[in-house]
Amino acid sequence: QVGNGPSSTQMVSMGAESHVENQQSITREINVETRKALQGAKVMEYWQSETGRHYALAVLAKQPAISGFTQAILKADKEVESLLAYASKEANNPLVALAALQKAADIQRKRDENNLSLMVVKNGQGVKSKTSAGAIDELQRNALAALQVQVDAENRSVQSELQQALSSLGIKTVEQSNLVLHGTMDVAPVSHQQGWFWQRGSYELTFNDGDTVLAKKRYPVKVSAREEAMVEQRLKDELNKNLPQYVFELMSVSAN
């Protein structure tokens with residue numbers, strides 16, 4: 001079965017600290033490689049369980065599987081090496097570099113899964129990697145920590161929330177910088193429906209280098225509460241919870 005999960009980036013809290021954890025749902029890609037490896041497999045037997053589930057027993061020729069996984073791994077190694085070199089030497093702005101590191105980490109994770117599959121069909125033998133997803137994540141964290149960002153928001157509350165989001169990612173905020181994170185919120189008036197008070201709208205983040213827009217993205221916002229007085233606090237809590245992830249996605253995935 002081929003999965004369809006998207007890429008995701010999460011903020012993981014550990015006590016008083018939090019850090020970025022990049023997760024890539026790679027079920028679809030891995031199973032594409034598995035299907036390639038299974039080409040030429042011969043189905044030897046079919047049966048149906050007592051619950052009605054159907055099963056098939058397939059015999060797989062090892063050599064085609066080994067060849068398929070090995071080719072995928074070697075291709076990934078070249079791509080990762082190229083992306084890391086690009087991020088460190090050629091990227092024309094910090095967001096492009098972060099996006100290259102994010103892509104490299106995703107490819108590396110898929111590569112590692114293929115290597116595990118190779119080891120299964122090759123009696124524990126795999127292809128040694130020059131790096132790891134964890135090492136690439138560390139490069140990304142270091143790149144974030146090297147940034148100095150000015151925050152520009154429509155009010156003090158939003159300003160504070162954005163500063164906290166940057167801080168949670170290890171990014172230093174300063175009073176003046178060419179790198180500016182803008183945040184604006186556009187929400188509709190509170191509505192009352194079936195005993196609940198609702199507020200809907202969107203939150204827009206823009207990252208500039210001087211007059212150049214490097215990345216821009218709008219995120220939907222929707223909160224509800226039984227009491228109208230709680231809606232404003234729910235909205236603030238929702239933004240505080242999601243802003244670190246939104247900012248990270250903006251800077252490392254959405255970059256132009």
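Trainee: Let me begin with Lys-241: is this residue buried or exposed?

Mentor: Lys-241 has a relative accessible area of 56%, so it counts as exposed. The scale runs like this: buried is under 20% relative accessible area, exposed is over 50%, and partly exposed is in between, with a 1.4 Å probe and protein chains only. Before we go on, keep in mind that this is a predicted model, in which local features need pLDDT of at least 70 and side-chain atom pairs count only at pLDDT 80 or more, while totals for chains, interfaces and linings use all residues. Residues are numbered from 1 along each chain as its sequence is written, and side-chain values use heavy atoms, with hydrogens and water left out.

Trainee: Which residue forms a salt bridge with Lys-241?

Mentor: A salt bridge here means a side-chain nitrogen of Lys or Arg within 4 Å of a carboxyl oxygen of Asp or Glu. The partner of Lys-241 is Glu-238, with the closest N and O atoms 3.7 Å apart. Glu-238 is partly exposed, because its relative accessibility is 27%. Both residues belong to helix α6 (residues 231-252), where they sit three residues apart, about one turn of the helix. By helices (H or I, at least four residues) and strands (E, at least two) I mean DSSP runs, numbered from the N terminus.

Trainee: How many salt bridges does the structure hold?

Mentor: Seven. Two of them meet at Glu-204: one with Lys-216 at 4.0 Å, N to O, the other with Arg-218 at 2.7 Å, N to O.

Trainee: Where do Glu-204 and Lys-216 lie?

Mentor: Glu-204 is in strand β9 (residues 196-209) and Lys-216 in strand β10 (residues 212-225), so this pair ties together parts twelve residues apart in sequence. Arg-218 is also in strand β10, and its link to Glu-204 in β9 spans 14 residues. Glu-204 is buried, because its relative accessibility is 17%, while Arg-218, at 47%, is partly exposed.

Trainee: What describes a pair of aromatic rings?

Mentor: Such a pair is described by the distance of the centres and the angle of the planes. Rings of Phe, Tyr and Trp (its six-membered ring) pair if their centres lie within 6.5 Å; planes under 30 degrees apart are stacked, over 60 edge-to-face, and the rest tilted. A search of the whole structure finds two aromatic pairs. One is Trp-47 with Tyr-55, stacked at 5.6 Å centre to centre with 15 degrees between the planes. Trp-47 is partly exposed at 39%, and Tyr-55 is partly exposed at 35%. The other is Tyr-219 with Tyr-246: the centres are 4.0 Å apart and the planes at 15 degrees, so this pair is stacked as well. Tyr-219 lies in strand β10 and Tyr-246 in helix α6, so the pair ties together parts 27 residues apart in sequence. Tyr-219 is buried at 5%, and Tyr-246 is buried at 14%.

Trainee: Which residues make the nonpolar surface patch?

Mentor: Patches are built from residues with over 30% relative accessible area and no salt bridge; like charges are joined within 9 Å, and nonpolar side chains (Val, Leu, Ile, Met, Phe, Trp, Tyr) within 5 Å. Accessible areas come from the Shrake-Rupley method with a 1.4 Å probe, and for residues only the protein chains shown count as cover. Here Met-44, Trp-47, Tyr-55, Leu-57 and Val-59 make a patch of about 480 Å². Strands β3 (42-48) and β4 (54-59) are the elements that give two or more residues, and β4 gives the most, with three. Leu-57 lies in β4 and is partly exposed at 40%.

Trainee: What is phi of Asn-123?

Mentor: Most residues other than glycine have a negative phi. Asn-123 has a positive value, near 55 degrees, and is found in the loop between α3 (94-121) and α4 (133-145). Gln-194 also has a positive phi, near 50 degrees, in the loop between β8 (191-193) and β9. Asn-123 is exposed at 64%, and Gln-194 is exposed at 81%.
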